[in-house]
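I opened this entry to keep track of what I looked up, one topic at a time.

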Amino acid sequence: MAAAMGAVALVAARLSLVVEGNMRPALLDSLFAPVGALPGVGPKNARLFDRLLGPADGARALDLLFHLPVGVLDRRARPKVRDAQTDAIATLHVRVTEHRPPAPGRKGPLRVLVEDETGDVELVFFLNNFEWVKQKLPVGATRWVSGRLELWDGHLQMVHPDKVLDEEEIARLAPVEPVYGLTEGLYPRIVQKAAQAALAKAPALPEWLPPPLSFDKLSFMQALRRLHGPETPDDVEPTGPAWKRLAFDELLAGQLALLMVRARMRVASGRTRSSEGKLAARVLAALPYGLTGAQARASEEIRADLAAPKRMIRLLQGDVGAGKTIVALLAMCHAVEAGGQAALMAPTEILARQHFERLGPLAAGLRLELFTGRDTAAQRREKHARLAAGEIDIAIGTHALFQDSVTFHNLGLAVVDEQHRFGVHQRLALAGKGDAADLLVMTATPIPRSLVLTYFGDMDVSVLDEKPPGRVAIDTRVIPLERLEDVIAGVGRALASGARAYWVCPLVEESEELDVAAAEDRAEALRQFFGARVGLVHGRMKGPEKDAAMERFQRGETAVLVATTVIEVGVDVPEATIMVIEHAERFGLAQLHQLRGRVGRGTGRSTCLLLYKGPLGAAGRARLEILRESEDGFRIAEEDLRLRGEGDVLGARQAGAPGFRIARIELHGDLLRAARAVAEDVVRDDERLAQEAHRPLRLLLWLFEREAAVKLLEAG
Ligand code: ADP
Ligand code: MG
């Protein structure tokens with residue numbers, strides 16, 4: 001064993017020049033170990049942590065440490081009873097004078113009277129069994145009790161004190177206790193203990209920030225320790241030094257990754273791909289409509305980029321329905337006419353297939369092929385061979401397109417649709433398949449202008465800020481879920497006159513299984529009303545099943561399509577005019593806007609019903625109202641940001657929301673600018689982070705999962 005390890009180490013050492021960046025430094029192992037491996041976290045709680053913290057492959061210690069407190073319980077106040085504040089937490093030193101159980105045979109709370117020399121307090125316990133209380137608070141004993149003090153009927157009471165402690169225990173009580181976001185079944189104490197356990201196992205890390213950026217001189221680990229072990233409420237403030245230190249680190253990791261990737265991509269100087277536009281002209285002639293001004297403009301920008309010797313890295317931003325697909329097709333035509341191949345990558349199979357079917361007839365004369373995970377091995381071999389031989393002009397597909405086994409003959413342009421669904425490394429993997437292939441990424445996630453830089457670095461941007469003509473405004477209504485029956489009846493009337501409706505089911509928890517169950521239940525319930533005209537599509541279905549369900553809806557064989565958010569991106573059924581979204585309050589605004597964009601694609605009048613489960617807070621209400629008032633994706637995104645800034649955390653972790661875990665753009669804009677400057681300084685003359693002083697930054701990239709950038713360093 002030892003010999004084998006030695007041999008491995010030797011080989012590894014020899015390879016280190018090549019693969020070093022690909023492997024996570026062992027120093028970080030304990031941070032990337034599963035939460036379930038922490039002392040005191042059993043399998044049941046481990047599952048709850050997985051649910052709470054989210055990552056698909058299970059929560060790790062680092063995820064827990066990045067789950068920062070949302071506030072504190074301040075137990076520092078230890079007043080005499082007479083001086084204690086009501087409606088606040090007090091920690092009182094008192095003597096137990098009397099137990100008042102409920103009358104024999106009656107239900108009711110146990111009241112325990114306690115006092116100090118200045119006054120008395122009633123402790124109230126609603127329990128089935130009072131044994132624990134009697135043991136912890138025997139008459140005559142002196143104890144510390146900590147909890148919320150209230151004035152009730154003229155006297156002081158504390159219902160279920162949080163803590164009942166003796167002298168020894170009070171000495172160990174954290175005076176300020178962090179409060180965490182939880183999930184059902186997970187107790188605060190468990191999260192606190194697990195976070196402390198994770199900190200105890202955490203390694204000492206070298207400092208990666210240049211000295212002048214001190215954040216009270218807190219290191220990354222010290223900042224984490226302060227946030228999880230606060231001494232004052234200020235310690236967990238997002239504007240305090242500890243939080244800001246981590247936010248800065250996160251923003252720096254993001255900026256570094258963007259700049260490194262960009263530096264890398266610009267290294268290979270681009271190719272000139274000029275075309276006369278013959279193929280594009282043929283497509284335009286086949287279109288039943290003319291381009292909008294914005295489409296024409298974007299097309300021209302792209303054509304010019306392709307023709308220039310510099311490599312294109314361009315973002316095409318356009319609201320849902322703005323008509324990005326045709327712009328992509330025209331770009332691909334230019335690339336093909338210039339003698340290259342083009343690839344269009346879509347995030348889902350449904351969407352890839354739809355692109356393939358729509359674009360084929362428009363691009364008559366070009367050789368299109370579809371690549372998805374559903375191809376059989378034989379099909380795949382055959383398609384790959386044709387692609388490598390240059391017998392395919394335009395390859396359309398899912399992530400199946402950028403697998404290692406895929407080789408292009410001469411990839412000139414890679415287009416990535418709905419880019420927020422793909423990571424940086426996937427985009428690069430595709431672009432890397434060509435010799436300095438140009439790259440066009442398209443997104444319908446309206447990203448506020450202020451954030452484009454954060455997420456995309458300095459890509460060139462084309463914006464489709466104009467919708468195709470003839471679109472009728474979507475009638476959006478916000479309706480309480482209690483009125484479900486009315487909604488069903490209304491949908492029924494619309495169906496009777498030939499309408500088609502999407503019915504999007506709630507995100508239950510953050511679990512796909514539960515989402516699917518909810519969608520299945522809803523489909524079943526709707527079948528009671530609409531019979532076999534109800535279809536169902538969700539993420540757990542196999543590709544062919546999904547397509548079949550979509551096709552039945554497209555052809556009108558089903559009139560109601562119950563769906564989870566798999567329909568969110570791109571799917572186009574112009575006949576659908578009704579969108580019902582259940583539990584709209586659980587979705588991010590951008591996501592709701594995307595979903596709504598599935599209707600209003602034809603010329604008919606469309607309706608979007610946002611069903612919410614009350615009670616909604618003022619902010620929650622305001623969020624949905626924005627959708628009612630506006631169909632401008634950019635405005636919606638700006639408003640979402642503003643409202644979230646006002647403390648509505650809903651939506652922060654939702655799928656599709658380009659997310660930071662710690663940094664809040666609305667609070668930490670100055671940090672972003674500073675991080676940008678530091679990253680520029682570093683990357684300017686050391687884009688591989690090879691200098692001794694820059695090597696700790698590699699750890700930073702791993703910690704914030706920008707390791708795709710690290711891998712690039714060594715990728716050759
Ligand atoms: P998105 O930008 O959301 O990807 P699509 O490319 O799917 O939008 O286009 C949405 C719909 O608008 C499609 O049905 C498409 O055929 C149509 N469309 C695109 N451009 C125009 C145009 N200039 N005039 C009329 N309809 C258009
Ligand atoms: Mg699209």
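**Salt bridges.** I began with R303 and E300, whose side chains form a salt bridge with an N to O distance of 2.8 Å. The model is a predicted one, and I read every distance here with that in mind. Both residues belong to helix α11, which covers residues 293-307. They sit three residues apart, about one turn of the helix. I then looked up the exposure of the two partners. R303 is partly exposed at a relative accessible area of 27%, and E300 is also partly exposed, at 40%.

Next I took D305 and R314. Their salt bridge has its closest N and O atoms 2.8 Å apart. Are the two partners buried or exposed? D305 has 14% relative accessibility and R314 has 9%; buried means under 20%, so both count as buried.

R500 is buried, with a relative accessible area of 14%, whereas E575 is partly exposed at 41%.

I also found a network of salt bridges that links E369, D375, E382, K383 and R386. For the total, I searched the whole structure and got 40 salt bridges.

**Cysteines.** How many disulfides does the structure hold? I found zero. C333 is buried, at a relative accessible area of 1%. C505 counts as buried too, at 2% relative accessibility.

**Positive phi.** D153 has a phi near 55 degrees. D153 is in the loop between β5 (142-152) and β6 (155-159). With 69% relative accessibility, D153 counts as exposed, because the cut-off for that class is over 50%.

L689 is not a glycine either, and its phi is positive at about 50 degrees. L689 is placed in the loop between α23 (669-685) and α24 (696-703). Is L689 buried or exposed? I get 0% relative accessibility for L689, which counts as buried. I noted the pair together: both residues are in loops, with D153 exposed and L689 buried.

**Ligand 1.** I then listed the surroundings of ligand 1. There are 16 residues around ligand 1, and the closest are Q295, G321, K324, T325 and R471. The side chain of Q295 places an N or O atom 2.8 Å from a nitrogen atom of ligand 1. A polar backbone atom of G321 is 2.6 Å from an oxygen atom of ligand 1. G323 also takes part through its backbone, with an N or O atom 3.0 Å from an oxygen atom of ligand 1. How much of ligand 1 does the protein bury? Taken alone, ligand 1 exposes 560 Å², and the protein buries 84% of that.

**H355.** I looked at this histidine for its neighbours. H355 is in helix α13, residues 349-362, and counts as buried at 4% relative accessibility. Leaving aside residues up to four places away in sequence, I found that H355 touches T325, L344, A346, G360, I396 and D417.

**Whole chain.** The chain has 25 helices and 21 strands. Of its 716 residues, 53% count as buried. I took contacts between residues at least 6 apart in sequence, and 74% of them join residues at least 24 apart. The accessible surface of the chain is about 31800 Å², with 53% of that surface belonging to carbon and sulfur atoms.

Technical notes. Residues are numbered from 1 along each chain as its sequence is written. Chains are lettered from A and ligands numbered from 1 in the order in which they are written. This is a predicted model: local features need pLDDT of at least 70, side-chain atom pairs count only at pLDDT 80 or more; totals for chains, interfaces and linings use all residues. Side-chain values use heavy atoms; hydrogens and water are left out. Helices (H or I, at least four residues) and strands (E, at least two) are DSSP runs, numbered from the N terminus. Buried means under 20% relative accessible area, exposed over 50%, partly exposed in between (1.4 Å probe, protein chains only). A disulfide is a pair of cysteine sulfur atoms within 2.5 Å. A salt bridge is a side-chain nitrogen of Lys or Arg within 4 Å of a carboxyl oxygen of Asp or Glu. Contact means heavy atoms within 4.5 Å. Accessible areas come from the Shrake-Rupley method with a 1.4 Å probe; for residues, only the protein chains shown count as cover. A residue is near a molecule or strand if one of its heavy atoms lies within 4 Å of it. A polar contact is a pair of N or O atoms within 3.5 Å; within protein, one must be able to donate a hydrogen and the other to accept it, and residues adjacent in sequence count only if both atoms are side-chain atoms.
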